[in-house]
Amino acid sequence: MELDFSVLLRYYPLLLRGLMWTGILCACTIPLSLVAGVLLAVASISRIRLVRSITEMFLWIFRGTPLLLQLFLIYYGLPYIGIYLSPVVSGVIGLGIHYSVYNADVMRTGIVAIEIGQHEASRSLGLSRIQTLRKIIVPQALRNVAPALTNNLIALMKESSLVSIITVQELTLSTQIAVADTFRPFEFYFAAGVIYYAVNFFLEQSLRRVEMKTALSR
Amino acid sequence: MVRIVNVHKRFGANEVLKGINLEVPRGKIQVIIGPSGSGKSTLLRAINNLETVDDGEIWIENVQVNLPLKGQKFEKHINKIRQDMGMVFQHFNLFPHMTVMENITMAPMLLKKIPRKHAEDRAHRLLEKVDLIDKVTFYPAQLSGGQKQRVAIARALAMEPKVMLFDEVTSALDPELVGEVNKVMKKLAEEHMTMLIVTHEMRFAAEVADHVIFMADGVIVEQGPPSTLFQAPAEERTKRFLSEVFK
């Protein structure tokens, strides 16, 4: 059988729809994983031992189990205890939690790396511990670990393909549908690969631009 | 203004402050000198509770700094009282993610709810005073050590503190930059800012101090006006220290 890329022309609305859902997933999950990541990082270095232990346990569980399993548990498992979530919501929660755990690890190293003098200068002006974290420590930590966070977010974008198995019709599932229709796996998977790469390129460029902008203020 | 009564501080078995009594009257400049390890920085940091003390009392005006409060109550108390004390550090500790302007206006806007416009006007006046009016939009990374330290002084002054604490503020500077920072401190002295200064700069101490305190091994060995302490020290320990530094 010869390759025939013209089938892509007939199926591009399906792929575009898939791309749109991949975009929506990322647009929800990236901010969620960043905000939750910062909160988990701060909680993991809390002065209150109980908060610290619970956070540690949480991080440990989600870091130690596969994302695929977590998605299954959320989408197929939770209904058995009376929690029904749509595929997209399950996907956002699963991806979001999983990557907030990774982001929390990165953020924590960023936070503890800020020198003690920054805390002292801030506290000596009269800022509380929370105000110091919010205004002085976390903004600096974010700038310093931006490259590592960028890597996490790119991984997140690619791994969003996993939610296809809980029936979210994002780019990967759309591609599978097209393949099943046409029996042209090479053309469609290749095309999907190109699209993922393009999105990735765009995402990386935007994030690096943010990094560059903050270079002076580090 | 600042009153320290019988303050003790231990790090493990090592007692670094062995019963310090000290008073800084309003509008006066007191300078603490002494060999490293004498406890002078610890004492200064204890005044705004960056170090906690084991015993004794620290007062600013008629409020006790080290009140025996617990948890959030103490947090509230100390955050309030720290607004009345400006602290300048050896290593500047400017906030690198903020411009010079933001470094100065952040705390007054956040803590005293001063409108931006008002806070920026005040920052401009302070930057004029420390001779850095052309650096408003700069980030700390773009400044020299001496410039950073002058911004740090402006940042502390922006809270309109009742007393300024200087912790070896010229020790990390290149020699040729020491003068510009000392000049700013002299300017403050002329305006009768209440100041407590820990320094290794004996000439500067002699010039600006109303009162010099010599500390060694966690105690105040000797104190008095600079003319007496530098020209005619009474204690053997003081003589030994001064002959070392003026050698």
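These legends go with a set of close-up views of a predicted two-chain model, chains A and B.

**View 1. Where chain A meets chain B.** The contact draws on 23 residues of chain A and 26 residues of chain B. Put together, the two chains bury about 2100 Å² between them, and carbon and sulfur atoms account for 61% of that. For the charged side of things, the rule picks out three salt bridges across the interface of chain A and chain B. Look for B:Glu75 and A:Arg129, whose side chains meet in a salt bridge at 3.5 Å, N to O.

**View 2. B:Asn48, tucked into a loop.** Here we're in the loop of chain B that runs between α1 (40-47) and β4 (55-60), which is where B:Asn48 sits. B:Asn48 has 0% relative accessibility, so it counts as buried. Who surrounds it? Setting aside neighbours within four places in sequence, B:Asn48 is in contact with B:Ile78, B:Arg82, B:Met85, B:Met87 and B:Leu165, plus A:Ser124 from chain A.

**View 3. The nonpolar cores.** The largest nonpolar core has 54 residues, and A:Met107 and B:Ile4 are the ones that touch the most other members. Helix α6 (residues 129-159) of chain A supplies the largest share of this core, at seven residues. Zoom in on B:Ile4 and, leaving out residues up to four places away in sequence, you'll find it touching B:Ile20, B:Asn21, B:Leu22, B:Leu43, B:Ile47, B:Glu57 and B:Ile58. A second core of 49 residues is separate, and B:Val88, B:Ala152, B:Val169 and B:Leu177 are among its members.

**View 4. A threonine in helix α6 of chain A.** A:Thr150 belongs to helix α6 of chain A. With a relative accessible area of 4%, A:Thr150 is buried. Apart from residues up to four places away in sequence, A:Thr150 touches A:Leu207, A:Arg208 and A:Glu211.

**View 5. Helix α9 of chain B and the face it buries.** In helix α9 (residues 236-245) of chain B, the buried residues are B:Thr238, B:Phe241 and B:Leu242. Look down the axis of α9(B) and these buried residues fall within an arc of 95°, so they line one face of the helix. What do they pack against? The list for chain B is β3 (29-33), α7 (202-208), β9 (211-216), β10 (219-224) and α8 (226-231).

View 6. One of the pairings to spot is B:Ala216 with its bridge partner B:Val219 in β10(B). The two strands form a hairpin with two residues between them, and in the turn B:Asp217 has a positive phi of about 50°.

View 7. Most residues other than glycine have a negative phi. A:Thr167 isn't a glycine, yet has a positive phi of about 65°. You'll find A:Thr167 in the loop between α6 and α7 (171-182) of chain A, partly exposed at a relative accessible area of 44%. B:His192 is not a glycine either, and has a positive phi of about 60°. B:His192 lies in the loop between α6 (175-190) and β8 (194-198) of chain B and counts as exposed, at 58% relative accessibility.

**View 8. Salt bridges within the chains.** Searching the whole structure over all chains turns up 22 salt bridges. In one of them, the side chains of A:Arg63 and A:Asp105 meet at 2.7 Å, N to O. This pair links distant parts of the chain, 42 residues apart: A:Arg63 is in helix α2 (residues 49-64) and A:Asp105 in helix α4 (residues 87-113) of chain A. A:Asp105 also forms a salt bridge with A:Arg108, with the closest N and O atoms 3.3 Å apart. These two both sit in helix α4 of chain A, three residues apart, or about one turn of the helix. As for accessibility, A:Arg63 is partly exposed at 32%, while A:Arg108 counts as buried at 19%, the cut-off for buried being under 20%.

Over in chain B, B:Glu180 forms a salt bridge with B:Arg150, the closest N and O atoms being 2.9 Å apart. B:Glu180 lies in helix α6 and B:Arg150 in helix α5 (residues 145-157) of chain B, so the pair ties together parts 30 residues apart in sequence. B:Glu180 is partly exposed, with a relative accessible area of 25%, whereas B:Arg150 is buried, at 7%. Back in chain A, salt bridges that share partners join A:Glu56, A:Arg63, A:Asp105 and A:Arg108 into one network.

Methods. Residues numbered from 1 in each chain as written. Chains lettered and ligands numbered in written order. Predicted model: local features only at pLDDT ≥ 70, side-chain atom pairs only at ≥ 80, totals over all residues. Heavy atoms only, no water. Helix = DSSP H or I, 4+ residues; strand = E, 2+ residues; numbered from the N terminus. Buried < 20%, exposed > 50% of the residue type's maximum accessible area, 1.4 Å probe, protein only. Contact = heavy atoms within 4.5 Å. Arc of directions from axis to C-beta. Pairing = 2+ DSSP bridges. Core = buried A, V, L, I, M, F, W, Y, C linked by side-chain atoms within 4.5 Å. Buried area = accessible area lost by both parts, 1.4 Å probe. Salt bridge = Lys/Arg side-chain N within 4 Å of Asp/Glu carboxyl O.
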